[in-house]
Amino acid sequence: MAVDATQPYDDQNIFAKILRGEIPCRKVYEDDFSLAFHDINPQAPTHILVIPKGAYVSWDDFSGKASEAEIAGFIRAVGKVARDAGLVAPGYRLLANAGTDSHQEVPHLHVHLFAGRPLGPMLVR
Ligand code: AMP
């Protein structure tokens, strides 16, 4: 079910459980502010999720409430994950769903990183 991005943070969401180590993930990268892991249901040859470690429901929540250090750390982590995966030259797509119309399903901010083939038009028409 799509997330209402205005809801309070639910610490039982699946990414909160991954951050606490209660559920495994295929980790790609971790630092003080961020964790990156492979999507369980990949939509492209490379499909990585990058999440902030802080408890933020959505891009709106994060951009409004996170500290400068958290925001800088997270943005740098997304770039580093792509760079370290060798994706700068071939290219990649970033996507963050936020709220009902976007079909956000997990209520913890995550940026999808897609790559590994020509990705086609940005949205289904
Ligand atoms: P969204 O629709 O933007 O909220 O995307 C949620 C993403 O989380 C989907 O691409 C799912 O395949 C992915 N996902 C859900 N559970 C897990 C999990 N346990 N490990 C890795 N990815 C997951």
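Guide: Lys 65 and Asp 61 sit 4 residues apart in helix 2 (residues 59-65), so about one helical turn separates them. Helices here are DSSP runs of H or I, at least four residues, numbered from the N terminus. The two side chains form a salt bridge, with the closest N and O atoms 2.9 Å apart. The term means a side-chain nitrogen of Lys or Arg within 4 Å of a carboxyl oxygen of Asp or Glu. Lys 65 is exposed at 64% relative accessibility. Asp 61 is buried at 10%. The cut-offs are under 20% relative accessible area for buried, over 50% for exposed, and partly exposed in between (1.4 Å probe, protein chains only).

The model is predicted: local features need pLDDT of at least 70, side-chain atom pairs count only at pLDDT 80 or more, and totals for chains, interfaces and linings use all residues. Residues are numbered from 1 along each chain as its sequence is written, and side-chain values use heavy atoms, leaving out hydrogens and water.

Now helix 3 (residues 68-84). Asp 84 and Lys 80 both lie in it, 4 residues apart, about one turn of the helix. Their salt bridge has its closest N and O atoms 2.9 Å apart. Asp 84 is exposed at 53%. Lys 80 is partly exposed, at 30%.

Next, Glu 30 and Lys 27. Their side chains meet in a salt bridge at 2.6 Å, N to O. Glu 30 is partly exposed, at 39%, while Lys 27 is exposed, at 51%. Both belong to a network of salt bridges that also links Lys 53. The count by this rule is 5 salt bridges.

How values were computed:
Helices (H or I, at least four residues) and strands (E, at least two) are DSSP runs, numbered from the N terminus.
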